[in-house]
Amino acid sequence: MTVSLGVHVGQQNLDMDDMRTLWRRLEDGGADWISVWDHFYEAPFQGGDQPHFEALATLGALAAETERVRIGCLVFYVGYRNPALLAKSAATLDHLSGGRFELGIGAGWHIWEASAYGYAFPDIGTRLDMLDEAARIVRGLLDNDRTTFSGRHFQVDDAKCYPKPVQAHLPVWIGGRGERRTLDIAARHADGWNAAYTSAAEFARLNGVLDHWCEEEDRDPAAIARGVNVAFGMAKDDAGVARERASLEREWGTQSERIAAGSLLCTPSEAVDRVMAYVESGADAINIALRAPWDEDALDAYLGDVMPAVRKAAP
């Protein structure tokens, strides 16, 4: 499998015209994938004061604005939308994009926005139960003629989802790093697993945990694609990298050390080796995560120099 090099674009601090221009730039620059995230407030949380667009509506624009790249959301929180509605939305987006959409779902983390918007945000065990139920409902509606499911959190009764997606099998990704539950859910239900902001070494370790769960669930590990989102902190020189690191520390606070370990905090000359470390750790898809503002010259260098070099070096 050829490594996919994508961009995970946070739809915050950008107006829609600028975002459309960015999507076209990324597609023209050779990106294989463009995704958004599912938030109502900025991430990381800064008080809810930054402009931020909703994910599903944004994906409709992304589908219409692009022609070649795969598109998706990494990942939808299953507590914000009924999973049957989410399956219907996924099928619609697959038609809007001509068969390029992939659906990501997860257990969520942004308690501040959930509370502000009036959504229940139960304990992590309950949210993981919700994720497991949602994955079964989504897969059933996308694949089967009729789906009936009665769970503790979600129910569907003889539900149908027409039209079916353009793709014969629309990929479903599970996002998260939880070793005991999330990776087991991925092993049972996912076509792809995505982890965010983790070092290459930690990604390799988690990759092995997923393989273990695949063995426990009698699932071929090769059937699940492995993806990672890496925060984009590239700059053209060391002084610029230092500024990016300082900005990361301001935004992420006590989590900054963990986020930095899963970031491209480097110059373009160092970036190829950083990205290849993820390839060697088992990543099939590597997405740089953009939060405005970023270093424009560094992004040009990533698209024009780093991505071609990685494709040449990757097996």
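**Close-up views of a predicted model**

**View 1. Aromatic rings around Tyr41 and Phe45.** By the pairing rule used here, the count comes to 13 aromatic pairs; rings of Phe, Tyr and Trp (its six-membered ring) pair if their centres lie within 6.5 Å, and planes under 30 degrees apart count as stacked, over 60 as edge-to-face and the rest as tilted. Tyr41 and Phe45 form a stacked pair, with 5.8 Å from centre to centre and 15 degrees between the planes. A pair of aromatic rings is described by the distance of the centres and the angle of the planes. Tyr41 is buried, at a relative accessible area of 18%, while Phe45 is partly exposed at 29%. Here buried means under 20% relative accessible area, exposed over 50%, and partly exposed in between (1.4 Å probe, protein chains only). One aromatic cluster is formed by Phe40, Tyr41, Phe45, Tyr77, Tyr80, Trp109, Trp112, Tyr117, Tyr119 and Phe121.

The structure is a predicted model, in which local features need pLDDT of at least 70 and side-chain atom pairs count only at pLDDT 80 or more, while totals for chains, interfaces and linings use all residues. Residues are numbered from 1 along each chain as its sequence is written, and side-chain values use heavy atoms, with hydrogens and water left out.

**View 2. Strand β3 and the strands paired with it.** Helices (H or I, at least four residues) and strands (E, at least two) are DSSP runs, numbered from the N terminus. Six of the eight residues of strand β3 (residues 70-77) are buried, so this strand is largely enclosed by the rest of the structure. Strand β2 (residues 33-36) pairs with β3 in the parallel sense over four bridges; two strands pair if DSSP finds at least two bridges between them. Within this pairing, Val36 stands opposite Cys73 in β3. From β2 the chain passes through helix α2 (residues 55-65) to β3, a β-α-β crossover that is right-handed. A crossover is right-handed if, with the strands pointing away from the viewer, the path from the first strand over the helix to the second runs clockwise. β3 also runs parallel to strand β4 (residues 101-106), joined by five bridges, and the bridge partner of Gly72 in β4 is Glu102. Together, β3, helix α3 (residues 83-96) and β4 make a right-handed β-α-β unit.

View 3. Arg81 lies in the loop between β3 and α3 and is buried, with a relative accessible area of 11%. The side chain of Arg81 makes a polar contact of 2.9 Å with that of Asp38 and another of 2.7 Å with that of Glu54. A polar contact is a pair of N or O atoms within 3.5 Å; within protein, one must be able to donate a hydrogen and the other to accept it, and residues adjacent in sequence count only if both atoms are side-chain atoms. Leaving out residues up to four places away in sequence, Arg81 touches Asp38, Glu54, Ala55, Leu56, Phe76 and Leu86, where contact means heavy atoms within 4.5 Å.

**View 4. The hairpin of β5 and β6.** Strand β5 (residues 147-150) and strand β6 (residues 155-159) pair in the antiparallel sense over three bridges. They form a hairpin with four residues between them, and Ser150 stands opposite Gln155 in β6.

**View 5. Strand β9 and its partners.** Eight of the eight residues of strand β9 (residues 225-232) are buried. Five bridges join β8 to β9 in a parallel pairing, in which Ala196 stands opposite Asn229 in β9. The chain goes from β8 through helix α7 (residues 200-216) to β9, and this β-α-β crossover is right-handed. β9 also pairs with strand β11 (residues 285-290) in the parallel sense over five bridges, with Ala289 in β11 as the bridge partner of Ala231. Two bridges join β9 to strand β10 (residues 263-264), again parallel, and Ala231 stands opposite Ser263 in β10.

View 6. Asp191 is found in the loop between α6 (182-189) and β8 (192-196). A polar contact of 2.8 Å joins its side chain to that of His169. Not counting residues up to four places away in sequence, the residues touched by Asp191 include Arg139, His169, Leu170 and Ala225.
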